[in-house]
Structures are given as structure tokens and as C-alpha cells.
Amino acid sequence: RHGAVKNEDTFKTSPFHLDLWFYFTLQNWVLDFGRPIAMIILPLEWFPLNKPSAGDYFHMAYNVITPFLLLKLIERSPKTLPRSMIYVSIIMFVMGASIHLVGDSVNHRLIFSGYQHHLSVRENPIIKNLKPETLIDSFELLYYYDEYLGHSMWYIPFFLILFIYFTGCFTPVDEESRMPVAALLLMGPSSLYYWYLVTEGQIFILYIFTFFAMMALVMHQKRKGLVLDSNGLFLFYSFIITLVLIAVWVVWLWNDKILRKKYPGVIYIPEPWAFYTLHMNNLHAAKESL
């Protein structure tokens, strides 16, 4: 029966998945973090504004490779996990990432026309003067699909799958609860990517609830005499470092009045690309004018 834990795999352990975690880290940095960078640095004549950019092709590759890696990760779990939930989550993940592909493609291409990510849609100079004014509603709808619906359908299944996998990362053998050197080396890049994912995706609530659920599960399993294996430790410690990086990011930009205006809520976590268009973009323009 799908979702049931087999008796024979209750105490199986799994070695550290160096290949899968390395592929995850590499493709996350190249295909997700690197896609807007590729769009900006590559010559505009190669990818006209009315055609998909290099970043869009990166995003398409991400939408195919990431679900495959998630499925391979689940397959390597020492325990039988709820397959129906995993399959539905993968489907939702692909749908959300694809919705995000379209919205993000247009929003990032607007940068070349003067769009500023640190401002809301209606406050952007290139948007607020559109005629008829109903066009502004269309851009706000695009922003909703990109930043809200797309992110929700993308990140909720992603973190759910990681948590489901995490539930199978426990062992009664203390010797298995050690991370190899390769895991320690991958932890930094992995944590830094999760920082980018949480801040740029504006999904701190989802992240922190997932982290709290992981902490609660660790304490619950500890009472049973079970400890995290190397893969569970890698994921758990990566989330801890991510929380530290988010805290440093927030403290650094705490007194930024412009970003404060865009993120007025109780939870103040600015997006890296909003910071870029506000500060780094101006720096580049100043250098070019010299």
C-alpha cells in the first residue's frame, strides 16, 4: 500500500547522496539564480525583448530537471513514502514553476524599459502613465501570477517534498549520524541558495513553518532513540544556516526607508532583486556616466 512504512525498511539507513545533492546545488545556482543574470549580461540583440531570453531557457531546463531530481531523491529514501502525495506535489510544482516562468519572463524584461523592482506596479514610472488605466490592472494581474500564485504553487510542493523526504532520514545507529567532508563543503552553497529562494520568493512563512516542523520531528524521534542520518543532517543544518543568513540580511537593510515602503508588513524581508534595482543599478549608471 502506498504511503505505508514497511517493517523491513524501518531501520535501513542511506549513505550520503553526494551526486544528487551536488546536482541540486549546481542546477539551483545555474538555472534558478543564474537565469536573471544571464538575461542581463548577454547581448540584447541575441534575445530581442519580444522573444524568450536566455534566462527563460534556463527556467525551462529547471522546470524539467528539478522534478526529476526530487523524484530520484524520494526513490533513495530508506523508507517507503506516500507516493500519491509526492506525485500530486510534483504536478503542482511543475504547474507553479511554469506559471512563474511566464510572469517572471515579462517582469524581468521590463527592466530594460526602466521597470524598478523596488517599487510597486502602480508606482513604477513606466507603468503609472499607461493609457487606458485598465492596462495597469493587467500588469498587476501579471505580477499576481508571478509573485503570488506562481510562487505558492511552486514552493509549497517543493518544501513539502523536502519535508516528506526528511521524515525518512532517521536511524538508530549513531555512527550513521555523521556528515562526510563533501557534505560540509556543499552546505555553504546550498544554504546560500535557500537564502536566495526564501528572500526573493518572499516565502519566509512557508520556510519557517517547514523548519519548525523539522525541529519538532527531530525532537519527537529523539525520544524514540532515533537520530538524523547524514542526509537529514545536511538538510537540517542547511536550513539553520539559511535562517542565520536571513537574519543578517534583514539587520543589514533594517533602516532602508525605500525598501521599508515596499515591504511594510510585520515581516520585513526585502528581495535581492529589489535591492539590486534600487542600489546596484544606480551604482552601475553612475559609473557609466563618468
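The model is predicted: local features need pLDDT of at least 70, side-chain atom pairs count only at pLDDT 80 or more, and totals for chains, interfaces and linings use all residues. Residues are numbered from 1 along each chain as its sequence is written, and side-chain values use heavy atoms, with hydrogens and water left out.

The chain contains 10 helices and two strands; both kinds of element are DSSP runs numbered from the N terminus, helices being H or I with at least four residues and strands E with at least two. Read from the N terminus, the order is α-α-α-α-α-β-α-α-β-α-α-α. Along the principal axes, the C-alpha atoms fill a box of roughly 65 × 40 × 35 Å.

Of the 290 residues, 47% count as buried, where buried means under 20% relative accessible area, exposed over 50% and partly exposed in between, with a 1.4 Å probe and protein chains only. Among contacts in the chain with a separation of 6 or more, 78% are between residues 24 or more positions apart, a contact being heavy atoms within 4.5 Å.

The largest nonpolar core has 63 residues, and Trp21, Leu235 and Phe239 have the most contacts inside it. Such a core is a set of buried Ala, Val, Leu, Ile, Met, Phe, Trp, Tyr and Cys residues joined through side-chain atoms within 4.5 Å. H1, H2, H3, H5, H6, helix H7 (204-223), helix H8 (230-252) and H10 each give two or more residues to this core. Leaving aside residues up to four places away in sequence, Leu235 touches Trp21, Leu162, Tyr165, Phe166, Tyr194 and Met214. A second, separate core has six residues, including Leu110, Tyr115, Ile127 and Ile136.

Leu259 lies in helix H9 (residues 257-262). This residue counts as buried because its relative accessibility is 0%. Beyond residues up to four places away in sequence, Leu259 touches His118, Leu253, Tyr268, Pro270, Ala274, Phe275 and Leu278. One of these, Ala274, is 15 residues from Leu259 along the chain, and their C-alpha atoms are 7.8 Å apart.

Three cavities of 30 Å³ or more are found in the whole structure. On a 1 Å grid over the protein atoms alone, a cavity is a set of points where a 1.4 Å probe fits but cannot get out, a pocket is an open set with protein on both sides within 12 Å along at least five of seven lines, and lining residues have an atom within 4 Å of a point. Grid points are joined across faces, edges and corners, and a volume is the space filled by probe spheres set on the points.

The largest cavity holds about 170 Å³. Its lining has 21 residues, with His100, Asp104, His108, Glu147 and Glu200 nearest the centre. Helix H1 (18-41), helix H3 (83-109), helix H5 (134-166), helix H6 (181-201) and helix H10 (272-289) each supply at least two lining residues, and H5 has the largest share, with six. The lining divides into eight nonpolar, five polar and eight charged residues; Ala, Val, Leu, Ile, Met, Phe, Trp, Tyr, Cys and Pro count as nonpolar, Asp, Glu, Lys and Arg as charged, and the others, Gly among them, as polar.

The second largest cavity has a volume of about 80 Å³. Residues lining this cavity include Arg35, Asp56, Asp104 and His108. H1, helix H2 (54-75) and H3 give two or more residues each to its lining, and H3 gives the most, with five.

The largest pocket has a volume of about 360 Å³. It is lined by 17 residues, of which Tyr143, Glu147, Tyr148, Gln202 and Glu271 are closest to its centre. H5 again gives the most to a lining, here with seven residues. The second largest pocket has a volume of about 230 Å³. Its lining has 11 residues, and Ile74, Glu75, Thr80, Leu81 and Arg83 are the closest to its centre. The elements giving two or more residues to that lining are H2 and H3.
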